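Please have the sequence and the structure open while reading.

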Amino acid sequence: MNRPVRVGVIGAGNIVQRLHLPTLCQLENVELTALAEANPERLRECVATFGFAQGHTDYQAMLDQGGLDAVLVAAPNVLHAPATIAALEAGCHVLVEKPMATSGADAQRMADVARAQGRTLTINLPRRFSGHYRAARALLDEGAAGQIYAANAAIVRRSGIPGYGSWFTTAALSGGGALLDVGVHILDVALWLLNEPRVLAVSATVGDRLGRAGRGLGRWGIDRAAVGTFDVEDSVNAQLRCADGLSITLEVSWAAYAPILHGVRLLGTEGGIVVDERRHLGGSVELHTDSSRGPTITQPEVSPESPPAGQQPLRGFIDSIRTGAPPPVPAEAGVRLARLCDAIYASARTGREVRLDESGAETGGMNA
Ligand SMILES: NC(=O)c1ccc[n+]([C@@H]2O[C@H](COP(=O)([O-])OP(=O)(O)OC[C@H]3O[C@@H](n4cnc5c(N)ncnc54)[C@H](O)[C@@H]3O)[C@@H](O)[C@H]2O)c1
């Protein structure tokens with residue numbers, strides 16, 4: 001494409017105002033054509049601040065107007081599937097925020113529509129582009145840790161539950177709590193580091209004790225209020241049994257009476273790799289091995305991110321439209337994550353292990 005990519009945006013909340021619109025404004029070959037935002041005041045402000053040519057409170061009206069090449073979907077989670085499908089059917093390429101959808105079936109439908117329409121569909125999963133995780137992946141690729149047999153992926157916040165009144169804590173709008181909000185990020189990067197291992201079965205529990213008690217509230221949630229619904233999980237503990245004896249443990253908490261934990265630990269036959277992504281500590285990557293001096297820890301060089309990892313999915317999406325290159329994150333990765341989230345919730349609901357078939361869908365057979 002040798003003219004500017006005409007972009008439409010659905011939802012102009014926190015992530016769009018803080019990250020996506022400033023990123024798009026840095027790109028030369030992009031035109032901010034239209035914004036759809038349900039809150040009229042927010043719509044007016046954003047159209048004026050970022051110079052959109054049009055503003056709509058209804059995303060279908062924006063799509064019906066036409067004239068768009070690409071759409072960024074960043075509205076509450078339950079709108080991801082319908083808004084993405086509508087945009088694809090309007091002939092647009094789509095970047096949808098994580099979680100791709102609130103069910104594996106919806107995610108699969110989105111990927112199918114993209115394929116049928118011949119349009120790009122990608123998901124905003126920025127951890128894959130972080131310097132720390134890229135350094136860990138390089139260690140794995142060179143065999144520094146041998147065969148990985150156990151992994152732990154964790155995001156544990158001390159006090160980070162989105163405020164009451166925001167859609168995040170209302171299941172009818174979010175489709176789920178901590179798992180769909182932050183769990184998908186860390187699970188995705190763990191699976192990416194491990195080269196997408198086949199998951200055979202999932203066993204999980206979820207909890208909501210702190211959220212229901214109004215404890216651990218953080219600053220997130222643009223439409224928060226003093227009171228409101230809280231009917232989602234604030235924590236998840238899951239065990240993913242994978243092929244070749246690999247086990248992945250997922251630990252996610254929006255809030256916990258514990259130190260903050262953000263990272264991945266991989267245990268291998270020749271070494272262990274620990275990525276600590278806590279930003280206030282600068283992050284670190286460690287390779288634990290044995291040497292003639294005994295247990296040894298080395299830290300590989302971490303290349304600076306340029307541009308920052310958070311911007312790379314969106315920049316890569318625009319590049320893929322301009323050049324025809326594959327998108328930064330394939331739609332299949334989002335489908336896979338959505339199916340795993342289905343399995344985690346199903347296991348927590350039933351108290352049983354959920355088995356998955358080769359496509360990652362539930363087999364229907366559950367183990368007590
Ligand atoms: N990839 C990441 O790192 C990352 C980070 C933060 C949020 N997110 C995702 O981005 C999405 C938005 O999150 P947020 O924190 O910006 O939420 P937010 O509540 O700040 O913003 C959502 C916006 O969507 C608007 N909206 C609601 N219904 C709409 C509709 N029908 N049409 C158009 N607009 C509508 C709301 O008015 C609000 O302005 C979520 O899916 C979230 O999971 C991703």
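## Surroundings of the ligand

In this predicted model, the ligand is surrounded by 26 residues, of which G11, G13, N14, A38 and E97 are the closest. Sorted by class, this shell comprises 14 nonpolar, six polar and six charged residues.

The element that gives the most to the shell is helix 1 (residues 14-26), which supplies three residues. At the level of domains, the shell takes at least three residues from domain 1 (5-125 + 310-326) and at least three from domain 2 (147-268 + 338-363).

## Two domains and their contact

The protein is divided into these two parts, domain 1 and domain 2, and their C-alpha centres are 25 Å apart. Where the domains touch, 14 residues of domain 1 are in contact with 15 residues of domain 2, and the side contributed by domain 1 consists of seven nonpolar, six polar and one charged residues.

## Packing of helix 8 and helix 11

Helix 8 (residues 178-193) packs with helix 11 (residues 331-350) at an angle of about 120°, the two axes lying 11 Å apart. Since angles of 65 to 115 degrees count as roughly perpendicular and those over 145 as roughly antiparallel, helix 8 and helix 11 are therefore oblique to each other. Their crossing is right-handed.

On the helix 8 side, the contact is made by L179, L180, V184, L187 and D188, which meet A333, L337, L340, C341 and I344 of helix 11. This contact has nine nonpolar residues and one charged residue, with no polar residues.

Notes: Residues numbered from 1 in each chain as written. Predicted model: local features only at pLDDT ≥ 70, side-chain atom pairs only at ≥ 80, totals over all residues. Axes fitted to C-alpha atoms, helices over the stretch in contact; angles between N-to-C directions. Helix = DSSP H or I, 4+ residues; strand = E, 2+ residues; numbered from the N terminus. Parallel < 35°, antiparallel > 145°, perpendicular 65-115°, else oblique. Left-handed = near helix turned anticlockwise from the far one by under 90°. Contact = placed C-beta atoms within 7 Å. Nonpolar A, V, L, I, M, F, W, Y, C, P; charged D, E, K, R; others polar. Near = placed C-beta within 6 Å. Domains from an automatic or database assignment.
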